[in-house]
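Hi everyone, thanks for coming. I'd like to walk you through one structure today, so please have a look at it with me.

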Amino acid sequence: MSSPDISASEKAAVAAVLETRHLSMGERVVEFEKKAAAYSGRKHALAVNSGTAGLHLCVRAAGIAPGDIVITTPFSFVASSNVILFEGGIPVFVDVEAETGNIDLTQLEQALHDLNGTPEAQRKWLPRKGAEKAGELKAVLPVDVFGQPAEISRIAELAARDGLTLIEDACEAIGGENRGERAGSASDMAVFAFYPNKQMTTGEGGVVVCDDDRKADLMRALRNQGRAPGDTWLDHTYLGYNYRMDEMSAALGSAQMDRLDEMIAKRARVAEWYTQRLADLAQVERPGTAKETTRMSWFVYVVRLHPDIDRKQLIERLGSRGIPSRPYFAPIHLQPFMVERFGYREGDYPVTEDLGRRGLALPFSSVMEEEQVEVVCSILREELAKG
Ligand SMILES: *Cc1c(COP(=O)(O)O)cnc(C)c1O
């Protein structure tokens with residue numbers, strides 16, 4: 001489905017770490033953090049060992065406590081909701097826009113209005129069960145879906161009006177821009193992720209970025225077993241975690257960051273090859289790009305199939321001809337543990353469910369060649385023609 005893009009400079013950088021005695025949180029981590037902060041235009045960057053860990057630190061830094069409400073979307077990778085649950089918070093879902101898969105701003109405004117209103121108004125947005133002890137609305141956690149940043153500045157205005165913390169899940173969107181503004185640059189805290197299928201990789205890893213000194217200090221402590229500045233190895237001011245990034249990962253990330261814009265450009269070229277070849281295929285809708293998206297940072301190439309197409313069968317047929325493909329995303333509210341805890345049903349978030357039913361991710365990476373895209377598209381065309 002995807003492939004990392006590793007050059008000689010990354011191999012040399014990782015090998016050089018192995019010649020030293022420092023394999024965890026040293027100079028390479030500091031260097032990587034500097035580059036990540038500069039790239040996203042933020043004061044602070046903290047390297048962590050996954051995007052999920054980074055999002056969890058943001059939720060802790062936002063002070064989410066049991067019962068607190070956090071608005072987010074169900075069209076995402078499961079981690080963006082899970083981190084709220086880790087702290088006993090209640091994720092309240094707002095559906096997404098069909099074009100981008102990002103949070104629907106009209107619905108967000110309505111949700112903010114209602115959740116600040118009467119108990120009857122609040123009930124329109126709360127899950128049918130599991131929210132009996134719902135407390136205060138504390139934060140908004142939008143997701144930049146498939147490399148296309150959400151309208152973060154507009155969401156920031158809405159969040160500021162109600163004194164909410166804005167946590168941006170930018171795990172899929174490093175380098176993406178909305179109206180010239182970079183993903184991760186305008187929220188209170190944002191997270192990028194570096195799993196091997198992302199635009200750049202550290203193996204496992206992520207980075208949290210923010211401008212607030214106090215939050216950055218707290219997250220640094222929580223990342224490192226709760227050790228506050230001045231704590232020794234066995235002093236733990238806070239209940240913390242081991243979310244540290246190691247030096248090999250940071251060295252890899254640092255070298256990847258130097259090539260990030262080049263790799264994003266390569267991905268855009270691959271997306272363009274797909275887009276040209278799928279233009280006249282009526283059963284397939286190509287991914288949409290909003291006019292506000294001034295730079296797409298292609299993460300995946302997800303087409304939407306005509307509702308009459310049997311997706312499962314198509315995936316099997318493509319697979320039998322050597323072409324991997326996957327549904328993308330599966331709605332979070334319909335995951336078994338979510339249904340059990342909050343009583344969600346099919347029909348609750350129709351746009352998310354429609355995208356979830358019809359989405360098909362095709363093989364995609366910066367190292368794909370035009371001939372490979374050609375093969376995928378012609379086999380897809382042949383299989384669709386069989387009906
Ligand atoms: C990749 C990703 C994450 C983080 O994933 P990790 O595997 O923990 O690094 C979080 N949210 C979204 C939307 C993602 O795509």
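Let's start with a question: which helix gives the most to the lining of the largest pocket? Keep in mind that this is a predicted model. The answer is helix 3, residues 51–61, with three residues in that lining. The largest pocket itself has a volume of about 300 Å³. In total 20 residues line the pocket, and Thr52, Phe77, Ala193, Tyr195 and Lys198 are the closest to its centre.

The largest nonpolar core has 30 residues, and Ile71, Leu108, Val140 and Ile155 are the ones that touch the most other members. Several elements supply at least two residues each, including strand 2 (69–72), strand 4 (137–141) and helix 7 (152–161). Helix 5 provides the largest share, five residues. Let's zoom in on Leu108: setting aside residues up to four places away in sequence, Leu108 touches Ile71, Val94, Ile103, Val140, Ile155 and Leu158. Another core, of 27 residues, lies apart from this one, and Leu55, Ile64, Val70 and Met219 are among its members.

One last stop, for those of you who like serines. Ser325 sits in the loop between helix 11 (311–320) and helix 12. Is Ser325 buried or exposed? Its relative accessibility is 8%, so Ser325 counts as buried, the cut-off being under 20%. Leaving out neighbours within four places in sequence, Ser325 is in contact with Met1, Ile315, Leu318, Leu360 and Ala361.

That's my tour, thank you!

Conventions
Residues numbered from 1 in each chain as written. Predicted model: local features only at pLDDT ≥ 70, side-chain atom pairs only at ≥ 80, totals over all residues. Heavy atoms only, no water. Core = buried A, V, L, I, M, F, W, Y, C linked by side-chain atoms within 4.5 Å. Buried < 20%, exposed > 50% of the residue type's maximum accessible area, 1.4 Å probe, protein only. Helix = DSSP H or I, 4+ residues; strand = E, 2+ residues; numbered from the N terminus. Contact = heavy atoms within 4.5 Å. 1 Å grid on protein atoms, 1.4 Å probe; cavity = no way out; pocket = protein on both sides within 12 Å on 5 of 7 lines; lining within 4 Å. Points joined across faces, edges and corners; volume = space filled by probe spheres on them.
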